[in-house]
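Hello,

Here is the structure I promised to pass on. Please look it over first; my notes follow below.

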Amino acid sequence: MARRLVVAGLLAGALVVILASPAYAAGGGTQTLSGLISNLTTWIVGILAGVATLFLTIGGLRYLTAGGDPGQVEKAKTALKSAAVGYALAVLAPLIVSILASLVGGG
């Protein structure tokens, strides 16, 4: 069951990458450090939200298919807790990146 979920997630991710339209540079010039940090923040939030959604889906499916098995219910609860942590990090990522940028002198 878990192997099928992982394969389905990988296939969905591959389809997103394959079907995504290419991104073109706006000005063709060099990018500033603040622009790079902004893009980095966007990528971090997107990746964290995607992984958290995957854990939420896996946890929900495990909970639905547990059938009263305490071991499976605990695994489902662990996945749901991981999803909550992932969403919290996705929300806090801009703040974390801005603090790191100010520490290294980028903002």
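G46 sits in helix α2. Helices here are DSSP runs (H or I, at least four residues; strands are E, at least two), numbered from the N terminus. G46 counts as partly exposed because its relative accessibility is 42%. The cut-offs are these: buried means under 20% relative accessible area, exposed over 50%, and partly exposed in between (1.4 Å probe, protein chains only). The C-alpha atom of G46 is 7.6 Å from that of A90, although the two are 44 residues apart along the chain.

A word on the source. This is a predicted model, in which local features need pLDDT of at least 70 and side-chain atom pairs count only at pLDDT 80 or more, while totals for chains, interfaces and linings use all residues. Residues are numbered from 1 along each chain as its sequence is written, and side-chain values use heavy atoms, with hydrogens and water left out.

**Overall**

The protein has three helices and zero strands. From the N terminus, the order is α-α-α. Of its 107 residues, 16% are buried. Now the contacts, meaning heavy atoms within 4.5 Å. Among contacts with a separation of 6 or more, 71% are between residues 24 or more positions apart.

**Helix α2**

Helix α2 covers 33–64. Its 32 residues should span 46 Å at 1.5 Å a residue, and its end C-alpha atoms are 46 Å apart, so the two agree. The expected span is 1.5 Å times one less than the number of residues. The buried residues of α2 are I37, T41, A52, I58 and G59.

Take T41, which lies in α2. T41 counts as buried because its relative accessibility is 13%. Leaving aside neighbours within four places in sequence, T41 is in contact with A93, P94 and V97. T41 and L95 are 54 residues apart along the chain, with their C-alpha atoms separated by 9.1 Å.

I44 is also placed in α2. Its relative accessible area is 28%, so I44 is partly exposed. I44 touches A93 and V97, not counting residues up to four places away in sequence. Its C-alpha atom is 9.4 Å from that of L89, a residue 45 places away along the chain.

**Helix α3**

Helix α3 takes in residues 70–104. At 1.5 Å a residue, its 35 residues should span 51 Å; the end C-alpha atoms are 47 Å apart, which agrees. There is a kink of about 50 degrees at L92, shortly before the proline P94. The bend at a residue is the angle between axes fitted to the seven residues ending there and the seven starting there. Just after α3, G105 has a positive phi of about 85 degrees.

Which residues of α3 are buried? They are V73, A76, A79, A83, G86, A90, A93, V97 and A101. An α-helix has 3.6 residues a turn, so residues three or four places apart point the same way. The cover over the buried residues of α3 includes α2.

A90 is one to click on. A90 lies in α3. A90 counts as buried because its relative accessibility is 9%. Setting aside residues up to four places away in sequence, A90 touches V45, L48 and A49. A90 and A49 are 41 residues apart in sequence, yet 5.8 Å apart in space, C-alpha to C-alpha.

**How α2 and α3 pack**

The axes of α2 and α3 come within 7 Å and cross at roughly 170 degrees. That makes the two helices roughly antiparallel. Axes are lines fitted to C-alpha atoms, for helices over the stretch in contact, and angles run from 0 to 180 degrees between N-to-C directions. Angles under 35 degrees count as roughly parallel, over 145 as roughly antiparallel, 65 to 115 as roughly perpendicular and the rest as oblique. The residues of the α2 contact with α3 divide into 21 nonpolar, seven polar and two charged. Nonpolar means Ala, Val, Leu, Ile, Met, Phe, Trp, Tyr, Cys and Pro; charged means Asp, Glu, Lys and Arg; the others, Gly among them, are polar.

Best wishes
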